[in-house]
Amino acid sequence: METHAALFEQGRKRLEALRQMPPRQQESLKDKLLEHGISRRDFMKWSASVTALLALPLPFSNLVAEAAELADRVPLVWLHMAECTGCSESLTRADTPDLDTLIFDHISLEYHETLMAAAGWQAEENLEHAMENYRGNYLLAVEGAVPTKNGGTFLKVGAKGKTGLELVKEAAEGAAAIISVGTCSSFGGVQAAAPNPTGAKGVHEVIDRTVINLGGCPPSEKNIVGTLMYFVMFGRLPALDMFNRPKWAYGARVHDNCERRGHFDSGEFVEQFSDDNAKDGYCLYKVGCKGPYTYNNCPTERFNAHVSWPVLAGHGCIGCSEPNFWDDMADFEKPLGRQLLHGIDASADTVGAVIIGAAVVGIGAHAVASLFANSKED
Amino acid sequence: MNQRVVIDPITRIEGHLRIEVEVDEQNVIQKAWASSTLWRGIEVILKGRTPMDVGLLVQRICGVCTFSHYRCGTEAVENALGLEIPVNAKYLRSLMMSALHYHDHLVHFYHLHALDWVDVVSALSADPAKAAQVALKYTDEPIAAGEGDLRAVQKRVQGFVDKGRLGPFANAYWGNKTYRFSPEQNLIALSHYLKGLEIQRVAAEMMAIFGGKQPHPQSVVVGGMTSIRDLLSPARLQEWKAKHDIVRDFIKRAYHADIVMAADAFGAEASVLGGVNVHNFICTNEFYGADGKHLYHQGVIHDGDLSKVEDVNPDLVAEDVTHSWYSADKPQHPYEGTTIPEYTDYVERDTVYGKLPTLDNEGKYSWVKSPRYNGKPMEVGPLACLLVNFARGNQKVVDAINAFLQETGLPLEALYTTLGRTAARMIETEILADECDKIFDALVTNLGSDDTLYIKPNIDPNKEYIGHSFIEAPRGMLSHWVRIKNGVVENYQAVVPTTWNAGPKDANGNIGPYEASLLGLKLEDPKKPLEVLRIIHSFDPCMACSVHMMDYKGQSLGEFRVGPNAA
């Protein structure tokens with residue numbers, strides 16, 4: 001296990017090396033911040049919040065700030081496969097102040113079909129140039145699953161008629177690191193749900209390199225930006241969980257930090273949507289919440305500048321950052337019951353065990369147990 | 001000799017779209033083909049699942065119009081079950097639908113379509129002081145268009161250009177002669193491009209207040225809505241209203257003004273004065289409001305004849321797959337259709353860029369089907385919605401259109417153009433922004449005596465159900481069709497706005513709105529086909545939406561067929 005001191009040193013060296021590289025943008029981030037009316041103070045606040053998000057100690061926030069300033073040394077190629085563009089959309093919902101978007105402005109965005117001005121032949125040229133000129137140095141982000149059946153012909157991109165599969169393989173070869181943005185590129189997503197008509201797969205299944213998987217349908221913009229910052233800062237992948245998701249974002253279950261958790265512990269449940277219990281904010285487990293099986297930071301980070309998240313809106317979590325959630329977590333309005341999911345060792349923790357034993361009786365028993373636990377603490 | 005131009009990828013849209021055109025020696029387009037190059041098969045995946053999960057699944061058809069399919073799929077199931085949802089749920093869905101329209105239309109105009117109209121490079125030579133005066137020509141109260149604002153924007157863009165690396169703005173068609181804005185007008189529009197980024201976030205937040213998040217909100221369920229705590233919180237309601245005011249302000253003081261400015265600058269630009277060549281229009285009811293009345297009404301117009309509007313008859317919808325990568329022997333009604341993928345590959349031929357794989361336009365060439373209404377192609381979208389409602393004498397629409405025509409000095413015919421299609425989107429949004437307060441007030445009034453938001457549905461596994469739902473999505477009329485048997489989805493079909501507009505030729509040789517819109521268009525430089533992008537973008541393409549299929553009728557995966565030319 002690496003100490004924070006060693007990691008800090010690594011980050012420092014990496015940024016030092018980046019500083020030696022020629023900037024691709026003459027205008028510094030500092031100038032840009034000023035133009036946007038963002039003060040140094042706001043910027044440092046943002047850096048501190050990204051630092052916290054990445055589960056790093058506060059002194060790292062200087063590194064985050066520096067990494068943001070050097071982000072334009074890292075070219076970014078963003079490919080669209082079989083997808084709905086929801087992940088790109090998520091990115092544009094960045095928090096105020098508008099720093100995350102700014103980071104994207106500031107990062108050298110070489111190819112992104114939804115945002116780029118060029119089209120057709122000229123767009124393809126931009127992609128080819130980026131892959132050639134920055135070989136070994138660019139970051140590759142992929143949105144959407146890769147169709148593999150029928151030779152990958154369910155998706156073709158560009159005037160030259162390459163399949164998505166060909167394109168991803170080609171782009172992956174010269175990439176410094178690869179990030180799958182969203183559940184589709186991470187695990188196949190909705191098009192890979194049974195019977196997976198197009199043989200849709202996650203990127204990591206079609207190339208033999210490590211891929212960072214940002215689960216979520218879509219993932220929050222913070223999880224996307226945080227991952228990019230981590231790479232700029234340290235030049236390597238963050239600590240990953242068994243599904244290659246960054247631990248700082250996907251290290252805890254939705255259930256662990258849920259605002260309704262107290263009601264779960266007390267055995268207070270919504271019986272049907274928008275009923276009187278729902279008005280009181282009771283637990284949504286019995287109307288299908290998959291928070292106990294889902295790893296993500298939604299309860300703490302929320303979405304759309306912290307405006308809300310599904311559980312606040314009275315709907316259970318559907319487990320969208322987990323592999324195969326369309327098949328494994330359905331029906332979405334019913335509790336999962338006695339179903340053990342791949343790799344989730346919930347039996348190690350009492351609450352999880354109760355959930356896996358899901359009957360209401362079990363939950364009631366747990367409520368009693370937690371009453372005892374509480375009284376002991378008193 | 002005619003030459004072929006291939007444009008793929010069409011960028012600044014949702015999804016994967018390929019356009020090919022054939023130009024004559026004068027660079028005038030003689031033939032055009034539109035193709036979607038991705039198939040995901042989502043409706044196949046729906047088969048056998050609980051109808052309660054349909055909404056969440058079909059939502060993933062598209063992350064841009066993220067609410068449309070969610071709501072339409074849920075309402076198709078409600079319709080099948082004969083479920084009348086609580087009035088609060090209807091109002092709430094209307095408010096979320098409004099937030100979607102604001103978001104979608106603003107992002108489309110400012111961030112996807114704008115670069116077809118606005119020459120970023122030209123804005124650099126603008127005089128900010130003069131530009132501030134120009135802005136006052138199009139509205140008394142411009143937003144983000146004061147001299148100081150404009151100078152700051154110009155400085156920022158100058159920084160971009162100076163560094164020589166334009167990132168997402170690289171290798172575009174700057175300097176093309178069909179860019180008609182003056183440098184000052186370009187600068188105003190650029191400033192709104194940036195301001196619009198901020199406003200679209202606010203519009204997305206409006207939806208998140210009652211939806212949990214955006215994209216992909218998560219509070220609509222068969223039987224109503226789940227966000228009861230948000231609904232009963234005065235603070236939440238106020239938050240919605242405050243954000244609505246911010247967005248409406250931008251619509252009136254920037255979006256409206258910029259469209260009038262475009263009409264002024266592009267009023268004589270030939271390449272935007274065509275582009276509407278299918279003169280059949282169709283739309284459906286939308287924005288359930290006070291007294292149970294809709295803001296926009298359904299209807300069909302044939303051959304541009306505004307003196308006659310027919311009611312929409314769902315029985316007359318059918319989809320043709322003659323030139324789509326599916327096999328079927330005749331056009332099929334959505335309830336009855338069978339759809340079997342049949343991919344045939346591209347054909348190599350000479351193009352302006354040299355030899356390339358190209359669409360096999362004599363055979364099959366798109367994953368989009370061709371919906372027809374009574375055998376005819378139809379244009380859908382804000383233009384269709386406004387024309388139908390204008391023809392019906394919907395007073396709010398008549399007034400708004402007349403006011404716009406008076407303000408711009410344009411004749412009614414100007415609506416049947418690329419410019420008109422783009423203007424219609426703004427007018428539709430502005431009418432909605434004025435109406436939305438009334439929907440909000442109706443909701444609040446109703447809450448005083450009734451806080452029901454959900455009715456638990458009941459599905460009898462021994463019964464068969466059949467149902468559909470029509471809604472007017474940001475890109476036009478959307479319909480979902482569902483059959484339920486043994487308590488699960490038996491088959492599913494979505495007939496989507498972009499499918500109506502982007503579908504290929506049908507068995508009778510009728511071409512759809514995309515392909516028709518390009519005919520007769522003269523290109524300044526076939527290798528840099530900005531004019532094509534502008535027209536196609538004016539439809540606001542959403543390709544992931546347009547490609548989908550279902551109703552499998554026992555076809556197993558093993559029976560997926562691939563044509564002889566496929567790799």
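Tutor: Let us begin with the elements: helices (H or I, at least four residues) and strands (E, at least two) are DSSP runs, numbered from the N terminus. This is a predicted model, in which local features need pLDDT of at least 70 and side-chain atom pairs count only at pLDDT 80 or more, while totals for chains, interfaces and linings use all residues. Residues are numbered from 1 along each chain as its sequence is written, and chains are lettered from A and ligands numbered from 1 in the order in which they are written.

Student: Where is A:N244 found, and what makes its phi worth noting?

Tutor: A:N244 is in the loop between α10 and α11 (247-250) of chain A. Its phi is near 60°, a positive value, and A:N244 is not a glycine. Most residues other than glycine have a negative phi, and that is why such a value is noted.

Student: Is A:N244 buried, exposed or partly exposed?

Tutor: A residue is buried if 20 or more other C-beta atoms, placed from the backbone, lie within 10 Å of its own, exposed if 12 or fewer, and partly exposed in between. A:N244 has 19 such atoms, so A:N244 is partly exposed.

Student: How do you know the extent to which α10 of chain A is enclosed, and what is its span?

Tutor: Of the 14 residues of α10(A), 13 are buried, so this helix is largely enclosed by the rest of the structure. The expected span of a helix is 1.5 Å times one less than its number of residues. For α10(A) (residues 221-234) this gives 20 Å, and the end C-alpha atoms are 20 Å apart, so the two agree. Just after this helix, A:G235 takes a positive phi of about 65°.

Student: What makes a set of residues a nonpolar core, and how many residues has the largest one here?

Tutor: A nonpolar core is a set of buried Ala, Val, Leu, Ile, Met, Phe, Trp, Tyr and Cys residues joined through C-beta atoms within 7 Å. The largest one has 299 residues, and A:A67, A:V77, A:L139, A:M229 and B:I282 have the most contacts inside it. Helix α4 (residues 87-117) of chain B gives the most to this core, with 17 residues. Domain 1 (4-250) and domain 2 (254-377) of chain A both contribute residues, so the core lies between them; the domain bounds come from an automatic or database domain assignment.

Student: Which residues are in contact with A:A67, and why is that word used?

Tutor: Two residues are in contact if their C-beta atoms, placed from the backbone, lie within 7 Å. Leaving aside neighbours within four places in sequence, A:A67 is in contact with A:L15, A:M229, A:V232 and A:M233.

Student: How many residues of the two chains are in contact, and which helix of chain A gives the most?

Tutor: In chain A, 75 residues are in contact with 86 residues of chain B. Helix α7(A) gives the most to this side of chain A, with six residues.

Student: What does the UniProt annotation "binding site" cover?

Tutor: In an unreviewed entry, that annotation covers B:C65 and B:C542. UniProt positions are given in the numbering used here, feature names are shortened, and annotations may be inferred rather than shown by experiment. The two positions are spread over 478 residues of sequence, yet they cluster in space, with a largest C-alpha distance of 8.4 Å.

Student: How do you know that the bond between A:A194 and A:P195 deserves mention?

Tutor: That peptide bond is cis, with omega about 5°. Another cis bond, with omega about 0°, joins A:A330 and A:D331. They are mentioned because most peptide bonds are trans.
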